[in-house]
Structure formats: structure tokens, C-alpha cells
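Please take a look at the structure below.

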Amino acid sequence: MKYKPVDLDNVKLQSISQRKHKVRISDFGKPSKSKDPKFAEYLDSLPNILAGKDFRELVHAIVIAYRKKKPVIVMLGGHTVKCGVSPFIIELIKRNVITAVAMNGATSIHDFEIAYYGETSEQVDETLDTGTFGMVKETGELMHQAVTEGLISGVGLGRALGNKLLEIKAKHRELSILATTAKLDIPTTVHVAIGTDTIHQHPNVDGAALGESSLLDFRLLTDVVKDLNNGGVVLNIGSAVILPEVFLKVLTIARNLGFPVRNFVTANLDMEQHYRPQVNVVQRPTHLGGKGYRITGHHELIIPLLTAAILLALKGR
């Protein structure tokens, strides 16, 4: 044959400390601890029309799910970490509001680098020109170690990555969704498309191990989704393709196995409303019962606002 698979053993890696980053933890958001009632007045001032009405209803649905001990599943695209809203997701996890997390591969990489190094998101234009895009030594080595070790211990990709961050005592693990959920034993799944993530460029990549660990997570997410019936909530935040597709499949399996999974709430929160989230998250899953919402806007504005509203509602305001 004229062509054959490229050998990755000769790729040149660099330390994460040599790479320029666009995102650092000093820029992350910080959930407010204030009990100032002025925020309640702001929420009360919102029009009870269109997105204002939908926002209130979504907050109400999440609080009801919390009180009924129903799953609140958050599906995260990579941009959610890159725009500094991880602390708000973590706050809701610690408050037992968010009960499960699903990520695509990019989200797990950004979250892992934030925990390990405190910075993430490289200058793609520059690094692509020099052939160094994604060629960070530490990220690939540690994440691939985690995959292998996770399979030995029988856990999927999400828990394996979180366990690794806890094992190495990653300096900024308190800002990591993976580490937080591993510590608190919250189901967290990572859904990988081979070839889409920078760690797939590394010489120690094991496609079979990645596939097996991600498939374990796929099955784990199905077990969570089966309990959505009558009051659960699913939020898709910033994933345009992978997670909406995954959600449709795990929902199908759950129903195929005899679980009704009806009458639950879904929402797509993003700065643009793409086709798959609208159809696979908002419309199709709820057309037999339940409701889907579309909240459009920047994550760095919507997620802090949503978190504050939820926490206020939990206090009975």
C-alpha cells in the first residue's frame, strides 16, 4: 500500500510549562456566599415572558428534582471549563443539586489541565503552524496512565481521571469537576470520539483502552438516565454534537430495557442553538411527556446566574 498508519513514537512533546495558555485559574468565576436579598429582587424584576419565564421554570424544575431526589444530569462541552464556570458547577455538585456529569473528551482535558497546572487552552493558530498543537507531555502521559489504571480497577474514563488527580494530589484539584466528583463518588462519564482530542496524538495512546473505558462510561450514564422518570432534569451546556448524540442513545437503551423515562425536563444552554441539541435534547426526548427549554447566551453569564437562582430557591426565596 502507498500509505500506512503514521508511527507516533517520533512525535516531539513539550512540557506544559512551555506552552502559552489562554485560560488560567485566576480568571475563573467565584460563586457568591452573600445572603444579600438584592439578587432576589433582581430575579423578581425579570419579565415573566419568553426566556424570563423559561428561566424561572427551569430553576423550579431543578429545585423540585433536588427535593424529589431525582437525577440532575449536566452534560458539559469544553467551553464551559475554558470560560471559567467550573466553580459554579462544583458548587452545585457539593450542594447535591447536580447528581451526575457527562463530558466530551475536550472537557476532560481542560478540566485535567486546570487541576494539574492551573492553566489550559493553547494558542492554536501559533502551535498549529509549528506542529506543536496538542503536543504537551504531561497531559497525555498522566491521562493515558489513568485510563490503563482505571480499567484494571474496573472503572470508566471519568472516574479514572478523577482518581488520578486525587492520587497525584493535583495542585488545583479543588477547581476540577473530575476530582470533585471522584472524591464525592458522583457518577461522571467521559465520551470520546477517537481522533478529536489532542491526547490522541501522543505516542502512548491506547485506542482499545480509551474505547473500552469510554464504553463503560456510556453504560454507566444509561444507568443514571433510567431514573429520570417523573421529575429528573438534563442540562446540555455547550456540547453541539457528541453529548446530544450520546444522550439520545442512552435514553433509547434505558427505554428498551423497560424503564419508562417520561415526564422529565431538559434544557440546552448555549450561546448558539445548534441542530442536535435542539432535536436530541430539547425536542425528541420530551415529546411524550415533560418539557424542553432553550436558554441562549454566554456561559460565563448564564451559569453564574442559574447557580445563584438555584441556591436562592433552595432557601425558599
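Which residue in E6 does Met75 stand opposite? Met75 faces Asn236. The model behind this answer is predicted.

The pairing of E2 with E6 is parallel and runs over five bridges. E2 also pairs with strand E3 (residues 100-104). That pairing is parallel too, with four bridges. Here Ile73 stands opposite Ala100 in E3.

E2 is mostly covered, and five of its five residues are buried. In a regular strand, side chains alternate between the two faces of the sheet. On one side of E2 are Val72, Val74 and Leu76. On the other are Ile73 and Met75. Both faces are covered.

## The largest cavity

How many cavities of 30 Å³ or more does a search of the whole structure find? The search finds two. The largest holds about 80 Å³ of space.

Its lining has 13 residues. Val74, Leu92, Ile98, Leu235 and Leu306 lie nearest the centre. H13 gives the most, with four residues. By class, the lining has 12 nonpolar residues and one polar residue. It has no charged residue.

H5 gives the most, with three residues. The lining divides into nine nonpolar, three polar and one charged residues.

## Phe112 in helix H5

Helix H5 also holds Phe112. Is Phe112 buried or exposed? Phe112 has a relative accessible area of 1%. The cut-off for buried is under 20%, so Phe112 counts as buried.

Phe112 and Arg173 are 61 residues apart along the chain. Their C-alpha atoms are separated by 8.6 Å.

## Ring contacts

The count of aromatic pairs comes to one. The pair is formed by Phe39 and Tyr42, with ring centres 6.0 Å apart. Why is the pair tilted? The ring planes stand at 35°. Planes under 30 degrees apart count as stacked and those over 60 as edge-to-face, with the rest tilted, so this pair is tilted.

Both residues lie in helix H1 (residues 38-45). They are three residues apart, which means that about one helical turn separates them. Phe39 is partly exposed at 24% relative accessibility. Tyr42 is partly exposed as well, with a relative accessible area of 40%.

The charged end of Lys226 sits over the ring of Phe259. The distance to the ring centre is 5.7 Å.

Key:
Residues numbered from 1 in each chain as written. Predicted model: local features only at pLDDT ≥ 70, side-chain atom pairs only at ≥ 80, totals over all residues. Heavy atoms only, no water. 1 Å grid on protein atoms, 1.4 Å probe; cavity = no way out; pocket = protein on both sides within 12 Å on 5 of 7 lines; lining within 4 Å. Points joined across faces, edges and corners; volume = space filled by probe spheres on them. Helix = DSSP H or I, 4+ residues; strand = E, 2+ residues; numbered from the N terminus. Nonpolar A, V, L, I, M, F, W, Y, C, P; charged D, E, K, R; others polar. Phe/Tyr/Trp six-rings, centres within 6.5 Å; stacked < 30°, edge-to-face > 60°. Buried < 20%, exposed > 50% of the residue type's maximum accessible area, 1.4 Å probe, protein only. Lys NZ or Arg CZ within 6 Å of the ring centre and 35° of its normal. Pairing = 2+ DSSP bridges.
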